[in-house]
Amino acid sequence: MRVLQVISEMGAGGAEALVSGMVGEGAGFGWESAVASGGGYRADRLREQGFPTFPVPIARRSAVGVLRAASATAKAIRRFDPDVVLAHNVSASVVARLAMLRARRLPVLTVFHGVADADFPGAVRLLRRTADAVVAVSSATADRLRVTGLTTPDPVVVPNAVFHERPSLDRRTMRRSLGVVADELPVALCLARMEPQKRHDVLLEAWARLGGDTVLWLAGDGSTRAALEKQAADLGLGARVRFLGSRSDVPNLLAAADVTVLTSDWEGMPIAVLESLAAGRPVVASDVDGVREALAHGGGIVVPPRQPDATAAALRTLLFDPVARAAAGAAGPAAGHDPHTLMKSYDELIRTLTGERL
């Protein structure tokens with residue numbers, strides 16, 4: 001089974017981590033895998049491991065960009081000759097289907113990682129035209145798609161999972177590399193792109209209310225970084241907040257942190273939360289669709305979106321109460337978020353799409 005995964009980029013995001021893990025585990029299910037993307041360190045790693053990777057310019061929601069991406073994806077299809085395309089998110093689904101005007105038609109399985117509420121109607125219209133099957137990464141996301149009108153194809157729920165990576169540095173070494181000398185100093189970590197959806201502004205407001213001797217690590221980069229750096233300075237947060245930029249060493253950061261935090265307006269099924277649970281790190285996160293499902297059996301505290309006071313109170317509980325922190329951290333990911341279950345589900349779906357016998 002030759003599987004081509006199409007995704008806009010292969011950097012530090014959650015969807016990128018999922019693609020990387022699926023490619024690595026695919027051989028165990030009889031897959032020959034390749035990735036077509038705008039590149040990034042995960043694509044570089046896969047190429048070093050011997051997996052074919054194909055460059056595709058990022059579309060960035062422009063007509064010219066979409067056509068260029070489709071042309072590059074068509075070249076990838078002709079060169080790799082896949083049996084099926086896994087397109088991650090709606091834009092990749094559109095690009096993959098347009099590419100097939102210049103290459104042979106293939107089944108497209110679109111993995112829908114989520115969009116803002118206002119974007120669901122447009123997403124549904126495009127999915128109807130481009131996807132032969134749709135995977136929703138959480139039950140809540142599938143329900144929203146159906147309510148908005150996506151019944152053909154009917155979304156199939158395959159919850160995201162974490163493909164375990166061991167840290168390469170111990171906790172003390174990592175903390176010292178980032179300027180934290182005291183082992184007992186509470187450290188919170190936010191793993192998120194600096195884009196409006198993630199609402200780092202709410203997190204910074206919460207951190208200003210938190211007080212105490214604490215450090216917040218912001219691992220990620222994006223269009224809002226300059227504004228957030230100014231906000232942190234205006235709030236007088238100083239050394240209490242560290243902007244780490246985009247990172248490729250998430251396991252090391254998780255080993256060094258005490259708590260993770262995510263204050264998004266919306267999420268499908270955030271890999272950052274699942275990574276935190278798998279590493280035994282409790283989570284403070286907005287009470288939105290996929291987060292609510294990921295933490296339904298424990299592992300942290302959900303707070304109302306856009307509520308700095310509630311976020312600060314939850315952080316205070318987990319950062320300064322070792323007993324509460326240990327209890328939450330012991331929960332681990334809920335059943336159904338393991339890589340084998342995820343891979344088996346995807347394997348069954350693509351073999352059904354291609355008509356291959358299981």
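Which residue in β2 is the bridge partner of Val-6? In β2, Val-6 is paired by a bridge with Ala-36. This is a predicted model, in which local features need pLDDT of at least 70 and side-chain atom pairs count only at pLDDT 80 or more, while totals for chains, interfaces and linings use all residues. Residues are numbered from 1 along each chain as its sequence is written, and side-chain values use heavy atoms, with hydrogens and water left out.

- Two strands pair if DSSP finds at least two bridges between them, and β1 (residues 2–6) and β2 (residues 32–37) share five bridges in the parallel sense.
- Angles run from 0 to 180 degrees between N-to-C directions, with axes fitted to C-alpha atoms, for helices over the stretch in contact.

**The six-stranded sheet**

- Another open sheet, with parallel pairing, has the order β10-β9-β8-β11-β12-β13, and its twist averages 20° from one strand to the next.
- Strands β11 (residues 259–262) and β12 (residues 283–286) run parallel and are joined by three bridges; Leu-262 has Ala-285 as its bridge partner in β12.
- Helix α8 (residues 200–210) lies across β8, β9, β10 and β11, at about 170° to β9.

**Helices α4 and α5**

- The axes of α4 (residues 90–99) and α5 (residues 120–130) come within 10 Å and cross at roughly 35°.
- Val-90, Ser-93, Val-94 and Arg-97 of α4 meet Ala-123, Leu-126, Leu-127, Arg-129 and Thr-130 of α5.

**The second largest pocket**

- About 470 Å³ of space lies in this pocket, a volume being the space filled by probe spheres set on grid points joined across faces, edges and corners.
- A pocket is an open set of points on a 1 Å grid over the protein atoms alone, where a 1.4 Å probe fits, with protein on both sides within 12 Å along at least five of seven lines; lining residues have an atom within 4 Å of a point.
- Of the 25 lining residues, Val-162, Phe-163, His-164, Glu-165 and Pro-251 are the closest to the centre of the second largest pocket.
- α1 gives the most to this lining, with six residues.

Conventions:
Helices (H or I, at least four residues) and strands (E, at least two) are DSSP runs, numbered from the N terminus. Contact means heavy atoms within 4.5 Å.
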